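Here is a briefing on one structure. Look over the sequence and the coordinates first.

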Amino acid sequence: GERDWQQARELFGGARRITALTGAGVSTASGIPDFRGPNGVWTKDPTAQRLSDIDSYVSDPAVREQAWRSRAEHPAWTAQPNAAHRAFVDLDRAGRLRALLTQNIDELHQRAGLDPDRVLELHGTIHQVVCLDCGELSPMRAALERVAAGEADPPCRSCGGILKSATISFGQALDPEVVRAAQRAALDCDLFVAAGTSLTVHPAAGLAELAVKAGAQLVICNAEPTPYDELAAAVLRGPLDEVLPELVAAPLTEPPQP
Ligand code: NAD
Ligand code: ZN
């Protein structure tokens, strides 16, 4: 409501070290569907979740072939960043962004112009592939060219192992160094913004609570309720490509005295 807007504008105006956590909702306006929203990939087809499960991927060649086919058609290859992504670039250029933690794998934050050093990709990137056996990273583009040329499930060129997009599937651990850096950024901010995430996937979701426990204010921008709404000083439900630019443009005020 209006009170949340007023509160959120004041918090943004007073914040000097903002850590943001973004999810699929910041990219829906770029044409990449989320998972759990009304038009989400899993909302429409719950069996699609199986494609994101590491055990089925490793044990079932048919799952891998399906995964490669759908990779080739992923909307991320043609998507353009939107005003929500650009809002974080503005925040960073104003020297106010401590870190941007994202669950997205589309690299649209960086393509909008955000300093890659500022971005922590908790769930990896779809723009690279990793060998599950030797760990070698290589460009997704090269793997998709092999798929297009007829290899249904291209093996690693170095060791013959199984290749997979360098994203975190269910059953896979996050990179512990990325998680630690994300925790540091959550502990070291005056405002934590969760935007376009259902806050249901851990450990990403728990970062909001960690920040609040360390004394940060929490603003949640998401179309649907999240399990952390009660911890938030303000909850905004509007479209992110409008909400985020407006918050970032909120006039700066003196930070509140501790
Ligand atoms: P999610 O699908 O669980 O939640 C997205 C939330 O964003 C929903 O609650 C929805 O109501 C909200 N939302 C969608 N569009 C919005 C808009 N325009 N304005 C305001 N709110 C909007 O996504 P999640 O929390 O990020 O977790 C899903 C997992 O799926 C993550 O692990 C992520 O790695 C992966 N994923 C990534 C992408 C991507 O890279 N773009 C896309 C789909 C899924
Ligand atoms: Zn290998």
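The points below cover confidence, domains, the ligand, the annotated site and the backbone.

This is a predicted model: local features need pLDDT of at least 70, side-chain atom pairs count only at pLDDT 80 or more, and totals for chains, interfaces and linings use all residues. Residues are numbered from 1 along each chain as its sequence is written, while chains are lettered from A and ligands numbered from 1 in the order in which they are written.

**Confidence**
- Mean pLDDT (the predictor's confidence in each residue, from 0 to 100) is 94 for the chain, and 96% of its residues reach 70 or more.
- The ipTM is 0.91 and the pTM is 0.93.

**Domains**
- The chain is assigned domain 1 (1-32 + 81-123 + 173-258) and domain 2 (34-78 + 125-167); these bounds come from an automatic or database domain assignment.
- Their centres, taken over C-alpha atoms, lie 28 Å apart.
- Domain 1 puts 13 residues into the contact and domain 2 puts in ten residues. Contact means that C-beta atoms, placed from the backbone, lie within 7 Å.
- On the domain 1 side, four residues are nonpolar, five polar and four charged. Here Ala, Val, Leu, Ile, Met, Phe, Trp, Tyr, Cys and Pro count as nonpolar, Asp, Glu, Lys and Arg as charged, and the others, Gly among them, as polar.

**Ligand 1**
- Ligand 1 lies between the domains, because both domain 1 and domain 2 give residues to its shell.
- There are 27 residues around ligand 1, and Gly23, Gly25, Asp34, Asn104 and Ser198 come nearest. A residue counts as near if its C-beta atom, placed from the backbone, lies within 6 Å.
- By class, this shell holds nine nonpolar, 14 polar and four charged residues.

**Annotated site**
- An unreviewed UniProt entry annotates His123 as "active site". Such annotations may be inferred rather than shown by experiment.
- His123 sits in the loop between strand E3 (119-121) and strand E4 (124-131). Strands (E, at least two residues) and helices (H or I, at least four) are DSSP runs, numbered from the N terminus.
- His123 is buried, with 20 other C-beta atoms within 10 Å. Buried means 20 or more such atoms, exposed 12 or fewer, and partly exposed in between, with C-beta atoms placed from the backbone.
- Beyond four places in sequence, His123 contacts Gln103, Ile105, Thr167 and Ile168.

**Backbone**
- Most residues other than glycine have a negative phi, and most peptide bonds are trans.
- Glu107 has a positive phi near 60 degrees. Glu107 lies in the loop between strand E2 (97-102) and helix H6 (108-111).
- Leu199 has a positive phi near 50 degrees. Leu199 is buried, with 23 other C-beta atoms within 10 Å.
- His202 and Pro203 are joined by a cis peptide bond, with omega about 10 degrees.

Terms used: Contact = placed C-beta atoms within 7 Å.
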